[in-house]
Amino acid sequence: MEKLFNTDWNLLLQLALPMVLLAGLGMSLLLCSAFFPRDRPKIFLGVLLLAILGILFYTWMQWRVVVPLSQEMLLFDRFSYSLDLIVLVTLLIVLLLCSKYVSAEGTRSSEVYALFLFAVVGMMLIHHGADLIVIFLGIEIMSLSSYILTGSRRGIIRSYEAAMKYFILGSFASCFLLYGIALAYGVTGSTSLASLQSLSLAADTSGNTVLLTMSVAFLLVGLGFKIAAVPFHLWAPDVYEGAPTPVTAFMAAGVKTAAFAALLRIVLALGHLPQIPWIPVLWILSALTMTIGNLVALRQTHIKRLLAYSSVAHAGYLLVGVTAALQNNTLSDATLGGVVFYLFAYSLMTLGAFGVVVAMGHRGEQVEELSDFSGLSQRHPFLAAALTVFLLSMAGIPATIGFAGKFYLFAGAVEAGFYGLTILAVLNSVISVYYYFAPIIKMYFQPPRGYELPPLSYPLLAAVFLCLFTVLYLGIFPSDLFLMARESVKELIF
Amino acid sequence: MITLAHYLTLAALLFSIGVVGVVLRRNALIILMSIELMLNAVNLTFLSFAYYRQQLSGQVLVFFVIALAAAEATVGLAILVAIFKKQGTVDVDELRFLRG
């Protein structure tokens, strides 16, 4: 009881205000839909966008002034706030993207918006979790919201199937994660990251090493599912295909960022233990993830499946950064900063690419085959140009944010001495150019096909334009953002 | 004498039964039950460690997991009902509309 009253609640509220506000907004949206029978998607969207802009600004101010603070269950440092910024930008763009979809598919907009907000609250809990159980609860809040969102295309069996697959595999993975946490609790008698970080098994005779190794294995399997690393990626293409496209964008960008945040915190907290072969395990995981993701993507003819496998491959590149960050046990800020930078870059270009796919959809029908993109340069030059930029950025062509991201990431890996892994990653980027160019060639060198595209709604246009501008601007002037990313990881606490 | 190892082994066995159930059974309801079994195996692990260490915190964690299992079951069953209304079956092998 003593502890409870020692907590500085005012400070806690001040630091956690973004989470509290988002949760409050989500609940009031649900109440609105209970008391007012008429759905007002436009008003809701307007209010939400303003609120999120405000929260974004507040989080940015917190990022600037925060003094790293760990409070039993939650921690607040620049790393967590910078990841908050990424998911808030993701939320903003996704809300703009789904404005058309909520009016077309007969789903109540307030419910969809509320679920997005709750998912983001879960993500923030992951970023701020100082305890494995808080991180786990955050992952679950995020995942449960995404399961429902995946199945939110009313009466469409493919959407339901995707939700079912996501649900079964997702909860299966959560069980593994939880079992890992239980075993870690057995070793340390606590689930806080701080106790894991101060753990030392130097002269261990009680079998704790075995328990801890098992625990780490279970944790890695669980987190591997969430970030869709090979060999745990099999759900990703099906779920990405069946889910409504804005939700797919949300999962590809936001959910992956948050899952990587969990992975980074846990791996860095336990990284000092010599008994666990971190480097070989992560090395193999990242090599497998990028190679298989890219090779399978070569054969895809469905744009959402193609982007799904490409997101698997990007998880592989990010794992290269994680491996390198772990190798420099002094927590080299350039390497970790590269990972944070790449998370932001990856989120932006993925959101943009899926945004164009959303814009191609018409009257509730989704346009998803690669052949539907034939001659888009004549049917809608802006969309064609935007998709081209996003795909080039994913392939890592210079003057885009994707190139800058890959540069910082691979530079960190070289600095840590992973020459083999870096060469493999660069080779993989070369392979990926082949399948990223397939839609571009279709758009520019094949005769137009299909219906006339309707004029785009303003929110959609704004979302695509925002992504396009950021991808290009930060691709040409990446150093400020990289400095910010480096600052974010300088004082990492557990 | 029943020791910590016995409880842990029992929990590990229950967990394995759950894993096998998820992997082998094709009825979505049975899969849901297997997932619940896995969660309860984890609860048993938490409880036995908490009892062994004479701590309360492990037992509190179990409450979180129970609440979570309830939320998960709600969402899972809702998805299942939606599929059953559309398809008339909850066999996961009948669900193959997505390529792959």
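A crossing of two helices is left-handed if the near helix is turned anticlockwise from the far one by less than a right angle, and right-handed if clockwise. The structure is a predicted model, in which local features need pLDDT of at least 70, side-chain atom pairs count only at pLDDT 80 or more, and totals for chains, interfaces and linings use all residues. Residues are numbered from 1 along each chain as its sequence is written, and chains are lettered from A in the order in which they are written.

**Exercise 1.** Determine whether the radius of gyration of chain A agrees with that of a compact globule.

*Solution.* The radius is taken over C-alpha atoms, and the globule rule is 2.2 Å times the number of residues to the power 0.38. For 494 residues the rule gives a value near 23 Å; chain A has 22 Å, which agrees. Along the principal axes, the C-alpha atoms of chain A fill a box of roughly 70 × 55 × 40 Å.

**Exercise 2.** Describe how α9(A) and α11(A) pack.

*Solution.* Step 1: helix α9 (residues 208–227) and helix α11 (residues 245–270) of chain A have axes 9 Å apart, at an angle of about 160°. Step 2: angles over 145 degrees count as roughly antiparallel, and α9(A) and α11(A) are therefore roughly antiparallel to each other. Step 3: their crossing is left-handed. Step 4: the contact (C-beta atoms, placed from the backbone, within 7 Å) includes A:V216 and A:K226 of α9(A) and A:K256 and A:F260 of α11(A). Step 5: by class, this contact has 10 nonpolar, no polar and two charged residues, where Ala, Val, Leu, Ile, Met, Phe, Trp, Tyr, Cys and Pro count as nonpolar, Asp, Glu, Lys and Arg as charged, and the others as polar.

Definitions and conventions: Axes fitted to C-alpha atoms, helices over the stretch in contact; angles between N-to-C directions. Helix = DSSP H or I, 4+ residues; strand = E, 2+ residues; numbered from the N terminus. Parallel < 35°, antiparallel > 145°, perpendicular 65-115°, else oblique. Contact = placed C-beta atoms within 7 Å.
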